[in-house]
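Biologist: Could you walk me through this protein chain, one step at a time?

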Amino acid sequence: MSGTPTVPTGYSSSTDLILSYGPAFPWQVFAVACALLFLAFLFRRVPWARWALTGAGALALIVAGVLWAGMA
């Protein structure tokens with residue numbers, strides 16, 4: 001168990017395992033937006049959560065649209 005540890009190559013940081021900026025990045029942001037909007041639906045009876053999740057989901061949709069426009 002001595003020596004240098006083996007790590008995956010091609011990753012710039014540990015966050016690349018979750019979100020990586022590449023051709024699929026707008027789709028990943030869109031998926032996050034959909035998840036936030038679904039959570040807003042689930043918590044629709046809690047006013048502050050509904051507004052916070054809806055606002056974050058709408059912002060993520062805008063960011064995904066800007067990313068798609070920028071990559072086209």
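Some questions and answers about the model follow.

Modeller: Before we start, this is a predicted model, where local features need pLDDT of at least 70 and side-chain atom pairs count only at pLDDT 80 or more, while totals for chains, interfaces and linings use all residues. Residues are numbered from 1 along each chain as its sequence is written, and side-chain values use heavy atoms, with hydrogens and water left out.

Biologist: How many helices and strands are there in the protein chain?
Modeller: Helices (H or I, at least four residues) and strands (E, at least two) are DSSP runs, numbered from the N terminus. By that rule, the protein chain has two helices and zero strands.

Biologist: What percentage of the 72 residues count as buried?
Modeller: Buried means under 20% relative accessible area, exposed over 50%, and partly exposed in between, with a 1.4 Å probe and protein chains only. Among the 72 residues of the protein chain, the buried share is 17%.

Biologist: Why is the pair of Trp 27 and Trp 68 edge-to-face?
Modeller: Rings of Phe, Tyr and Trp (its six-membered ring) pair if their centres lie within 6.5 Å; planes under 30 degrees apart count as stacked, over 60 as edge-to-face and the rest as tilted. The structure holds three aromatic pairs. In this one, the ring centres of Trp 27 and Trp 68 are 4.9 Å apart and the planes meet at 85 degrees, so the pair is edge-to-face.

Biologist: How many residues apart in sequence are the parts that this pair ties together?
Modeller: Trp 27 lies in helix H1 (residues 25-42). Trp 68 lies in helix H2 (residues 47-71), so the pair ties together parts whose separation in sequence is 41 residues.

Biologist: Is Trp 27 buried or exposed?
Modeller: The relative accessible area of Trp 27 is 54%. That makes Trp 27 exposed.

Biologist: What kind of pair do Phe 30 and Trp 68 make?
Modeller: Trp 68 counts as partly exposed, at 33% relative accessibility. The ring centres of Phe 30 and Trp 68 are 5.9 Å apart and their planes are at 55 degrees, so the pair is tilted.

Biologist: Which residues form one aromatic cluster?
Modeller: Phe 30 is partly exposed, at 30% relative accessibility. The aromatic cluster consists of Trp 27, Phe 30 and Trp 68.

Biologist: Which residue has its charged end over the ring of Phe 41?
Modeller: A charge sits over a ring if NZ of Lys or CZ of Arg is within 6 Å of the ring centre and within 35 degrees of the ring normal. Here the charged end lies 4.3 Å from the centre of the Phe 41 ring, and it belongs to Arg 44.
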